[in-house]
Amino acid sequence: MTASTIAPTTPPIRFTTHSCLRRRLVLSTLTGAPLHISRIRATSLKPGLTSYEFSLLRLLDSLTNGTFIEISLTGTTLLYKPGLITGNNGLLALLAPFSKNAFSVTLKGGVITSATTDDYSVDTFRTAVLPVYAGFEITRGIEVRTLVRSSGPLGAGEVHFLHGHQVRLPKTLHIQNSGRVKRIRGVSYSTGVSAGNNARMIEVARGVLNRFIADVYVFSDVSKAQIVPADYGKEGAAEKAAGNTKGRAGGKTKKTGVGFGISLVAETSLGTTYVADAFAGPAEAAEDVGKRAAVMLLEEIRVGGAVGRHGLMSVLIMMMMGVEGDVGRVVLGKEAIAEEFIAGARDLKKVFGGEVAVRDGESDSLVVSVVGRGVGNIGRKVA
């Protein structure tokens, strides 16, 4: 069990539907609170958990000791009782600081390096998400290496994640100002297509951004498409093929992970980061992708706040896990308080039993206050 404040006999917290499943499983693992989730896609033509949700459960099971998972025959009901985070595995930055041991894991297969409609790229994770934890003084021994680049919709990427900075309790956070944007950095990537796509994305993105700031540099990363077995990505074949991306098993093969995209990160004088990720849709020109990413980044900067929307839920969770009774505060732009924020705050209240308070601040901003619940890392006695 990871939380000293929740007893092993605590009845499970009950949710319905699969909404926000990943966040709720992470919260459960951090606090030690068991979950009971029912009616998972109960009315869908394909009811129950998906293959990637099963993969997430296997991942959580592998990085904890003593986790109990029970799934109904239809896959529509899940009982999850988390164990102690041991650090055997996992590309989960929220769990890593509260592990008993350092994380060192290589993830293979799937679209884990490029952006998708639901998630950001590994470049954004490295350059913008991980720096969010610096505000909680979690900075040492952290590294993300992209070993094999691959794009969507079906990829065969490979990422190595190291996290060696474990803490007892997160530092109480107080961020009142975001500072002014001082530079913009980024990575344009292409796999299995012409490197000219990168140059075109960069040229258009810089053409938009240089009107506002001169210090813009975007790195170009060009990779070959991965060769995988012909059945790669089909039901039951992905796990088998993930360890055989060169198609050495014989038989027919195919290229996968072909595509391109761009990740842009704006950094301020006080360490705040704003992010935009864009990847090419079917038959979309590289110029359109570059322009779309640049406009998205400007929109994130306009929304403002001392924490970008990409790292908002991570900050709220870490603040609530902090020293019991300490009040952390962070200033956000008003448009950051959207549906995802409200749903996340409700989950925090249900799992932690704590409130997220919001009040008006200065210059059309909002001040978010969170009282620490003291949910620490019992695997480490010294911070």
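Me: Hi! Which residues of α8 are buried?
Reply: In this predicted model, the buried residues of α8 are Phe-341, Gly-344, Ala-345, Asp-347, Leu-348, Val-351 and Phe-352.

Me: And where do they sit when you look down the axis of α8?
Reply: They fall within an arc of 160°, so they line one face of the helix. As a general point, an α-helix has 3.6 residues a turn, so residues three or four places apart point the same way.

Me: Nice. Which residues are exposed on the other side of α8?
Reply: Glu-339 and Arg-346 are exposed there.

Me: What covers the buried residues of α8?
Reply: The cover includes two helices, α1 (21-31) and α7 (312-320). It also includes the strands β1 (13-16), β17 (327-333), β18 (356-360) and β19 (365-371).

Me: How far apart are the end C-alpha atoms of α8?
Reply: They are 20 Å apart. Helix α8 has 14 residues (339-352) and should span 20 Å at 1.5 Å a residue, so the two values agree.

Me: What follows α8?
Reply: Gly-353 does, and its phi is positive, near 80°.

Me: Now for Ser-365. Where is it?
Reply: Ser-365 lies in strand β19.

Me: Is Ser-365 buried or exposed?
Reply: Ser-365 counts as buried, because its relative accessibility is 10% and the cut-off for buried is under 20%.

Me: What does the side chain of Ser-365 reach?
Reply: It reaches the backbone oxygen of Glu-362, at 2.4 Å.

Me: Which residues is Ser-365 in contact with, leaving aside neighbours within four places in sequence?
Reply: Those are Val-331, Leu-332, Lys-334 and Asp-360.

Me: Zooming out, how many helices and strands are there in the protein?
Reply: There are 8 helices and 19 strands.

Me: And how much of the protein counts as buried?
Reply: Of its 383 residues, 50% do. The accessible surface comes to about 17800 Å², with 52% of that belonging to carbon and sulfur atoms.

Me: Last one: what share of contacts join residues at least 24 apart?
Reply: The share is 70%, counted among contacts between residues at least 6 apart in sequence.

Notes: Residues are numbered from 1 along each chain as its sequence is written. Side-chain values use heavy atoms; hydrogens and water are left out. Helices (H or I, at least four residues) and strands (E, at least two) are DSSP runs, numbered from the N terminus. The expected span of a helix is 1.5 Å times one less than its number of residues. Buried means under 20% relative accessible area, exposed over 50%, partly exposed in between (1.4 Å probe, protein chains only). The arc is that of the directions from the helix axis to the C-beta atoms. Contact means heavy atoms within 4.5 Å. A polar contact is a pair of N or O atoms within 3.5 Å; within protein, one must be able to donate a hydrogen and the other to accept it, and residues adjacent in sequence count only if both atoms are side-chain atoms. Accessible areas come from the Shrake-Rupley method with a 1.4 Å probe; for residues, only the protein chains shown count as cover.
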